[in-house]
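Work through the exercises below with the model in view. Try each task before reading its solution.

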Amino acid sequence: MVFGSGTVLLVIVALLQLAVLFRVEVATTVPSARAALIELCKPLRCAVGWPTRADLLAVVGTELQAVPGTDILELTAVLRSRATYTLALPAIEVTLTDTQNRALARKVFAPADYLAASGEPRSRVDGGLAAGADYIVRVSFEARGLTAAGFVVYPFYF
């Protein structure tokens, strides 16, 4: 009886450890388990994030405009999720290029950066990018002394 109870307890502990270890995969596969995983992680100080799959992201539209009379550039980019589940919000890299398509400068915007630029709360990071959804990124940045002929926008995960 004692060994049977101990075995059952050890199996439960092992399942809980596996759930914590593979929490993102479990939450993606079984969305209804997300709330339970979040509660399980609270005392362990872990987080239940969204999957990071850059191969399932696409940039479907971009625009870069100079603010007249300044060195400020305004970027608008439309990101599209091709996933069938929610993805984490990616970081965005903007590379300014010359006429030979050589990089002049790069700037990386973390999700918190572009959310703040558009006035959205930092907690929006926790919402992720819904399956099949588009997200419009709008940011401004300074490009002092640069005369760019082109640009590239690249979403990625740290």
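**Exercise 1.** In which strand is the place of Ser81?

Solution. This is a predicted model, where local features need pLDDT of at least 70, side-chain atom pairs count only at pLDDT 80 or more, and totals for chains, interfaces and linings use all residues. Residues are numbered from 1 along each chain as its sequence is written, and side-chain values use heavy atoms, with hydrogens and water left out. Ser81 lies in strand β2, residues 72–81. Strands here are DSSP runs of E, at least two residues; helices are runs of H or I, at least four; both are numbered from the N terminus.

**Exercise 2.** Decide whether Ser81 is buried or exposed.

Solution. Take the cut-offs: buried is under 20% relative accessible area, exposed over 50%, partly exposed in between (1.4 Å probe, protein chains only). Ser81 has 2%, so Ser81 is buried.

**Exercise 3.** Find what Ser81 is in contact with, leaving aside its neighbours within four places in sequence.

Solution. Contact means heavy atoms within 4.5 Å. Separately, the side chain of Ser81 reaches the backbone nitrogen of Ala83 at 3.2 Å.

**Exercise 4.** Describe the whole chain.

Solution. Count the elements: 4 helices and 6 strands. Their order is α-α-α-β-β-β-β-α-β-β. Next, the extent: the C-alpha trace spans about 80 × 25 × 25 Å along its principal axes. Finally, burial: 29% of the 158 residues count as buried.

Methods. A polar contact is a pair of N or O atoms within 3.5 Å; within protein, one must be able to donate a hydrogen and the other to accept it, and residues adjacent in sequence count only if both atoms are side-chain atoms.
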